Amino acid sequence: MQPHDLLHRHVLTLPAEPNAVRLARETAEQAWTEWGISLRHPTIGPALLILSELVTNSVRHAAAVSPQVTIVYATGPGRLAFAVHDRHPYRPALYASLTGSGTGTGGLATVMELTLGLDGTADVRMDADAGGKSIWVTLPL
């Protein structure tokens, strides 16, 4: 999804602490509802799980060098997108989290299984200085 494709966008920055997961989910539900997306839509449950896993990963693995996590929520024509950003330089190999059998282990494997199962996409975008990254997930609605 390109910036010019966005109909709605909301940015939330939180301390990289465990309660960030709950706040990220609550903010997603509120934003999506305000944008006319029903929380009963079949994509929303998996989207919330994906979001939770990504924020949890930032809190668990990046908080020591990235005291904040930023979540971007967006929608475009027929699509839902969100990103989780932290300032840890590690770039996870999203697609490598899946084994040849299509089932991996851990949070990123769950993220990728759900994303691909919904015909969505995920990618890692490094900051210009390579000192941080955003993991973007786009799902069809």
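**Helix packing and sheet order in the predicted model**

The axes of helix 1 (residues 19–34) and helix 2 (residues 44–62) cross at roughly 145° and come within 9 Å. Axes are lines fitted to C-alpha atoms, for helices over the stretch in contact, and angles run from 0 to 180 degrees between N-to-C directions. Helices (H or I, at least four residues) and strands (E, at least two) are DSSP runs, numbered from the N terminus. The model is predicted: local features need pLDDT of at least 70, side-chain atom pairs count only at pLDDT 80 or more, and totals for chains, interfaces and linings use all residues. Residues are numbered from 1 along each chain as its sequence is written, and side-chain values use heavy atoms, without hydrogens and water.

Contact means heavy atoms within 4.5 Å.

Five strands form an open, antiparallel sheet in the order 1-2-3-5-4. Two strands pair if DSSP finds at least two bridges between them. Strand 1 (8–15) and strand 4 (121–126) stand at the edges with a single partner strand each, so one side of each has no neighbour in the sheet. Neighbouring strands are turned by 15° against each other on average, direction ignored. Strand 4 is joined to strand 5 (residues 133–140) by six bridges, and the two run antiparallel. Thr121 has Thr138 in strand 5 as its bridge partner.

Both helices were also compared with the sheet. Helix 1 packs on it, touching strand 1, strand 2 (68–76) and strand 3 (79–86). The direction of helix 1 makes about 165° with that of strand 1. Helix 2 lies across strands 2, 3 and 5 and runs at about 10° to strand 3.
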